[in-house]
Amino acid sequence: MTEPSRLTAGSFAGASATARSASSRGLWSSRWVFFLAATGSAVGLGNIWKFPYITGANGGGAFVLVYIACILTIGIPLLMAEVMIGRRGRQNPAGAMGRLAREAGASPHWRKVGWLGAFTGFLILGFYLVVAGWALAYVPTALSGAFSGVDGQASGALFEGLLADPGRLALYGLAVLAATLLIVGLGVRDGLERALRLLMPGLFVLLLGLVGYAAVAGDFAAALRFLFVPDFSQLSAKGVLLALGHAFFTLSLGCGAMMAYGSYLPEGTSIARTSLLVALADTVVALLAGLAIFPLVFANGLEPGAGPGLIFVTLPIAFGQMPLGQLVGGLFFVMLVLAAVTSTISLSEPGIAWLTERFGIRRGRAVLLTGSLLALLGTACLLSFNHWAEYQLFGRTVFDTMDYLTANWLMPLGGLGTVLFTGWVLRRELVHEAVGIGRPGWFSLWWNLLRYGTPVAIVLVFLNLIGLV
């Protein structure tokens, strides 16, 4: 009888410490604001830049079905686990996992999973800011009419000219970084919350407007067939694993962002319901992005599987040939910048929170330190397209190394650590209470997916990377 008493006292002590931590760190003002924040973190370049081109290269509708299945069975369980850890721990990802490990009587080394997530988010920002800078650079380019009448060769030369100009790349990348640091530097309520209240509605309005334009000016029927009529003969095993990996990337999993945002979530908010809404919104945005892009691609006889250049090389050709293309192209890249910024602020928050809470650094100084390091890493990434193009890390440029390492190894590794910690270290009763799934049958389904299905799926990703699958 003495052991249960000791555990109960420890639980009350942990709850008291959590309450004190929450009051001192600040919280989102409502569940709606957390939904905007988490959706903003999930909705980014992965939805509007990456999802369309990997869908185009992997069979369209068949890939979409597999991707949605991965979101439902793998992405949502892990998303709920990350948000739960953040809210329960009320600290940065490393601190939150350390606190929950102490409550469970587990090894303090589990905090390294949270630290890995913050580090992964930092590395992602290094190359993410470069791509966001491309989008920002293309806003004045599109509005100036530079896309008018361009063919594939001219459009490619336009993009290559941007990549070859480190000064221009640095200017636009640093502009995105400055906006990010300004927002996060103002804190949860005055910075993150205020910005997201403006950015997210603006993003949705622009996206819906572009879909409406594509329905009128493009081949909307062909886009619908391509996205929603599956042809499994066009889908390979590699495409299935790519869909699984993209489910991690698009929901900002394994990089500390959702744990950090979850740490500001008010008590009483259903983690399960909110996570489902975030995953739904993220998937809808990805599909809407496809419906904004593919009608224009098909109407102009372009190739949907054009790869990473679909947005920056292929689409400008379409913008240059269509009515109001100058304005529509400018708005499209404005939307891409908004999507990028909603993600950059979430990716920077875990590291900044870690610096302030671990070392007692004031938030402003933590922001400046983080920004300085990101400027250096971003510079290394942008130089890999010009002056440092011949320098290779593991057979890749600095930019490609950061992209490959984070998306294929570090994010899945962080996700694996999170599901093992949640499903095999924390007590089932604690997790049941924290995630807010009232019906035992639904909780058991989620619990079993988290403990067995998600780890197996992540291991398959790793086996594919080393060529065993």
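Trainee: Is Trp424 buried, partly exposed or exposed?
Mentor: Keep in mind that this is a predicted model. Relative accessible area under 20% is called buried and over 50% exposed, with partly exposed in between. Trp424 comes out at 44% relative accessibility, so it counts as partly exposed.

Trainee: Which residue lies over the face of Trp424?
Mentor: That's Arg451, at 3.6 Å from the ring centre. There is another case of a charge over a ring: the charged end of Arg358 sits over Phe359, 5.1 Å from the centre of that ring.

Trainee: Now the ring pairs. How do I describe one?
Mentor: A pair of aromatic rings is described by the distance of the centres and the angle of the planes. Planes over 60 degrees apart count as edge-to-face.

Trainee: How many aromatic pairs does the count come to?
Mentor: The count comes to 33 aromatic pairs. Among them, Trp388 and Tyr391 form an edge-to-face pair, 6.4 Å centre to centre with 90 degrees between the planes. Trp388 counts as partly exposed, at 37% relative accessibility.

Trainee: Why is the pair of Trp424 and Tyr452 edge-to-face?
Mentor: Because the planes of the two rings, Trp424 and Tyr452, are at 85 degrees, with the centres 5.6 Å apart. Trp424 lies in helix 17 (residues 398-424) and Tyr452 in helix 19 (residues 440-465), so this pair ties together parts that are 28 residues apart in sequence. Tyr452 is partly exposed, at 44% relative accessibility.

Trainee: Which residues form one aromatic cluster?
Mentor: One cluster is formed by Phe127, Trp134, Tyr138, Phe147, Phe159, Phe312, Phe319, Phe332, Phe333, Phe385 and Phe399.

Trainee: On to cysteines. What is a disulfide, in general?
Mentor: It's a covalent bond between the sulfur atoms of two cysteines. To call one here, the two sulfur atoms have to be within 2.5 Å.

Trainee: How many disulfides does the structure hold?
Mentor: The structure holds 0 disulfides. Take Cys255: the closest cysteine sulfur is in Cys381, and at 16 Å that is too far for a bond.

Trainee: Are Cys255 and Cys381 buried or exposed?
Mentor: Cys255 counts as buried, at 1% relative accessibility, and Cys381 is buried with a relative accessible area of 0%.

Trainee: What about the backbone? What should I look for in phi?
Mentor: Most residues other than glycine have a negative phi.

Trainee: Where is Arg90, and what is its phi?
Mentor: Arg90 has a positive phi of about 55 degrees although it is not a glycine. You'll find Arg90 in the loop between helix 4 (61-89) and helix 5 (93-104). Arg90 is buried, with a relative accessible area of 1%.
Mentor: Ser252 also has a positive phi, near 60 degrees. Ser252 is in the loop between helix 11 (237-250) and helix 12 (257-262), and is buried at 6% relative accessible area.

Trainee: Last one, the surface. Which residues make a nonpolar surface patch?
Mentor: Leu143, Leu324, Leu327 and Leu331 make one of about 370 Å². Leu327 is found in helix 15 (residues 325-359). Patch residues need over 30% relative accessible area, and Leu327 is partly exposed at 47%.

Technical notes
Residues numbered from 1 in each chain as written. Predicted model: local features only at pLDDT ≥ 70, side-chain atom pairs only at ≥ 80, totals over all residues. Heavy atoms only, no water. Patch = residues over 30% accessible without salt bridge, like charges linked within 9 Å, V, L, I, M, F, W, Y side chains within 5 Å. Areas by Shrake-Rupley, 256 points an atom, 1.4 Å probe, with all protein chains shown as cover. Salt bridge = Lys/Arg side-chain N within 4 Å of Asp/Glu carboxyl O. Helix = DSSP H or I, 4+ residues; strand = E, 2+ residues; numbered from the N terminus. Buried < 20%, exposed > 50% of the residue type's maximum accessible area, 1.4 Å probe, protein only. Phe/Tyr/Trp six-rings, centres within 6.5 Å; stacked < 30°, edge-to-face > 60°. Lys NZ or Arg CZ within 6 Å of the ring centre and 35° of its normal.
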